[in-house]
Amino acid sequence: MKWRRLAQSVSLAFTLYGFFGWVYIVINSEVHMQTLAMQLTHFASWPHEDTFGEVCFLVSFISFIIYMNIRDKRPSEK
């Protein structure tokens with residue numbers, strides 16, 4: 001069952017970090033709409049901000065589905 005707890009933790013982390021990355025791009029697009037087509041970082045020409053937002057949303061969504069399917073549905077024993 002240790003692999004299940006590890007998978008739960010990893011999928012929840014991907015869900016949260018992906019969601020917050022997407023929220024960052026959404027807020028940034030409202031404040032600085034002209035920067036969406038620009039590259040995300042000066043270190044690489046790919047990804048652009050809009051692509052990063054799309055990937056973050058997709059990662060968050062898929063990770064949440066995985067988390068909900070593998071989570072322990074029993075009440076925790078203390």
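Student: How do α1 and α2 pass each other, left-handed or right-handed?
Tutor: In this predicted model, the crossing of α1 past α2 is left-handed.

Student: Let me zoom out. What's the overall secondary structure?
Tutor: The protein has two helices and two strands. Reading from the N terminus, the order is α-β-β-α.

Student: Is it compact or spread out?
Tutor: More spread out than a compact globule, because the radius of gyration is 16 Å, well over the 12 Å that the globule rule gives for 78 residues.

Student: What size of box do the C-alpha atoms fill?
Tutor: Roughly 50 × 25 × 20 Å, taken along the principal axes.

Student: What share of the residues counts as buried?
Tutor: 22% of the 78 residues.

Student: Switching to aromatics. How many aromatic pairs are there in the whole structure?
Tutor: A search of the whole structure turns up three. One of them is F19 with W22, a tilted pair with 5.9 Å from centre to centre and 40° between the planes.

Student: Where do F19 and W22 sit relative to each other in helix α1?
Tutor: They're three residues apart in helix α1, so about one helical turn separates them.

Student: How accessible are F19 and W22?
Tutor: F19 counts as partly exposed, at 38% relative accessibility. W22 is partly exposed too, with a relative accessible area of 29%.

Student: What's the geometry between W22 and F57?
Tutor: The ring centres of W22 and F57 are 5.3 Å apart and the planes are at 50°, so that pair is tilted.

Student: Is F57 buried, exposed or partly exposed?
Tutor: F57 is partly exposed, because its relative accessible area is 42%.

Student: Which residues do the ring pairs link into a cluster?
Tutor: F19, F20, W22 and F57.

Student: While we're on F20, how far is it from S63?
Tutor: C-alpha to C-alpha, F20 and S63 are 13 Å apart, and they're 43 residues apart in sequence.

Student: Where does S63 lie, and is it buried or exposed?
Tutor: S63 is in helix α2. With a relative accessible area of 8%, S63 is buried.

Student: What about F14, where is that one?
Tutor: F14 is in helix α1, and it's partly exposed with a relative accessible area of 47%.

Student: New topic: which residues does the cis peptide bond join?
Tutor: The cis bond joins W46 and P47, with omega about 5°. P47 is in strand β2, which covers residues 44–48. As a reminder, most peptide bonds are trans.

Student: Last one: where's L36?
Tutor: L36 is in the loop between α1 and β1, and that strand covers 39–41. At 23% relative accessibility, L36 counts as partly exposed.

Student: And how far from L36 is G53?
Tutor: L36 and G53 are 9.4 Å apart in space, C-alpha to C-alpha, and 17 residues apart in sequence.

Key. Residues are numbered from 1 along each chain as its sequence is written. This is a predicted model: local features need pLDDT of at least 70, side-chain atom pairs count only at pLDDT 80 or more; totals for chains, interfaces and linings use all residues. Side-chain values use heavy atoms; hydrogens and water are left out. A crossing is left-handed if the near helix is turned anticlockwise from the far one by less than a right angle, and right-handed if clockwise. Helices (H or I, at least four residues) and strands (E, at least two) are DSSP runs, numbered from the N terminus. Rings of Phe, Tyr and Trp (its six-membered ring) pair if their centres lie within 6.5 Å; planes under 30 degrees apart count as stacked, over 60 as edge-to-face and the rest as tilted. Buried means under 20% relative accessible area, exposed over 50%, partly exposed in between (1.4 Å probe, protein chains only). The radius of gyration is taken over C-alpha atoms; the globule rule is 2.2 Å times the number of residues to the power 0.38.
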